[in-house]
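Okay, thanks for making time, everyone. Let me put the structure up, and then I'll walk you through a few places in it.

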Amino acid sequence: MKETILTSTLPTHSLPTHSLPKAAGEAPVLKIFRFKNSPPESKTTAPGLLPVTPLPTNAPHRHSYYEILFFEEGQGFHEVDFRTYPVSAPSVHFLPPGKVHLLTPTSDCRGYIMAFSEGFYSFYGTPQSVPLSQVPFFQSGVHEPVLSLNEETKRYLQYLLENMVGDLLEGSAENSAILGSYLHIFLQKCQRLTTRPPDLSAPSATHPSDLTGRFREMVEKNFREMHEVQQYATALDVTPDYLSKIVKKSVGVSAGEYILDKLLLEAKRLLVFTQMSSKEISYHIHIEDPSYFGRIFKRKTGLTPNEYRISVRKSASQ
């Protein structure tokens, strides 16, 4: 994978974040779409009846939900948080909430895009279900977010998705539980296709790997407001030293460094993909002293925020 940058039109302020529509009081939903550049499909087949993604996707953006992209055919590039993943069908790409991404096809893409919330996955899960945030494909640094398929596994997953599309198009509310079951089977099958199958049973709350998973999940949801290891340790009912020790053993950095890396990744996204000033970004991630933000940014990257913005945008234009 190479480090790269997207060259689409930059929004003037915060990055666009797409959400799934849901009316008040409705149960969580799962949506399935066709790719926008998919070849024409017969309206008598299930894929031909599916809508294309209704959200604007021609510029860098992120989602508040999870997304799984199943490529039956097609090629291109998928940019996710400054990394480029080639699209080479058949394959599956996994995208958790919050990641800035852009799909750039170089040929027609045939397949499916599943979009669902954590609430949907949990609502139709079982006590044995692994939390969605701990599924390896959705964890940065645990597993690459791309799974290449052979023809046999492509047909297996394609069959699951075709059944999901059929149930979805029926429009029956009772089918949501079936869709939830299919989603769990899809993810479990993908995990078993990896060279290092994980333990799919839910670990106990005191297990170190579960502690790391819960910490990462909390950081993902709260890193803009919660910067201190003590805050997370208190919420997880452990000491800060123990939390840092377990996190470092699992992911290679201390809990404090993990939180800081998450903050700086968000700052990099905003520097590159928006016109927000360094001061505005500092306040956005709840660092109230912009000069302190500048110092820690330079300590971690070797560049000031503005130098980083200029350097990355310059490399993108070459």
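So, one term before we start: accessible areas come from the Shrake-Rupley method with a 1.4 Å probe, and for residues only the protein chains shown count as cover. On that basis, the protein chain has an accessible surface of about 15,600 Å², and 53% of that belongs to carbon and sulfur atoms.

Some housekeeping. This is a predicted model, where local features need pLDDT of at least 70 and side-chain atom pairs count only at pLDDT 80 or more, while totals for chains, interfaces and linings use all residues. Residues are numbered from 1 along each chain as its sequence is written, and side-chain values use heavy atoms, with hydrogens and water left out.

Now the overall picture. The protein chain has 11 helices and 11 strands; those are DSSP runs numbered from the N terminus, H or I of at least four residues for helices and E of at least two for strands. Of the 318 residues in the chain, 45% are buried. Buried here is under 20% relative accessible area, exposed is over 50%, and partly exposed is in between, with a 1.4 Å probe and protein chains only. And take the contacts with a separation of 6 or more: 71% of them join residues 24 or more positions apart. A contact, by the way, is heavy atoms within 4.5 Å.

Let's go to a pair of helices. How do α6 and α7 pack? Helix α6, residues 229-236, meets helix α7, residues 240-251, at an angle of about 95 degrees, and their axes are 9 Å apart. The axes are lines fitted to C-alpha atoms, for helices over the stretch in contact, and the angles run from 0 to 180 degrees between N-to-C directions. So α6 and α7 are roughly perpendicular to each other; the cut-offs are under 35 degrees for roughly parallel, over 145 for roughly antiparallel, 65 to 115 for roughly perpendicular, and oblique for the rest. On the α6 side the contact uses V229, Q230, Y232, A233 and L236, and on the α7 side P240, L243 and S244.

In the loop between those two helices you'll find D237. D237 isn't a glycine, yet its phi is positive, near 60 degrees. D237 is also exposed, at 71% relative accessible area.

There's another positive phi, about 60 degrees, at H286, again not a glycine. H286 is in the loop between α9 (278-284) and α10 (290-301), and at 38% relative accessibility it's partly exposed.

Next, Y258, in helix α8, residues 255-273. Is Y258 buried or exposed? Y258 counts as buried, with 15% relative accessibility. Leaving out residues up to four places away in sequence, Y258 touches F215, R216, V219, V251 and V253.

Last stop: the loop between β7 (83-88) and β8, where P90 sits. The peptide bond from A89 to P90 is cis, with omega near 0 degrees. Then S91 is in strand β8, residues 91-95, and S91 is buried, at 1% relative accessible area. A polar atom of the S91 side chain lies 3.2 Å from the backbone oxygen of S88. Beyond four places in sequence, S91 touches L69, F70, F71, L147, S148 and L149.

Note on methods. A polar contact is a pair of N or O atoms within 3.5 Å; within protein, one must be able to donate a hydrogen and the other to accept it, and residues adjacent in sequence count only if both atoms are side-chain atoms.
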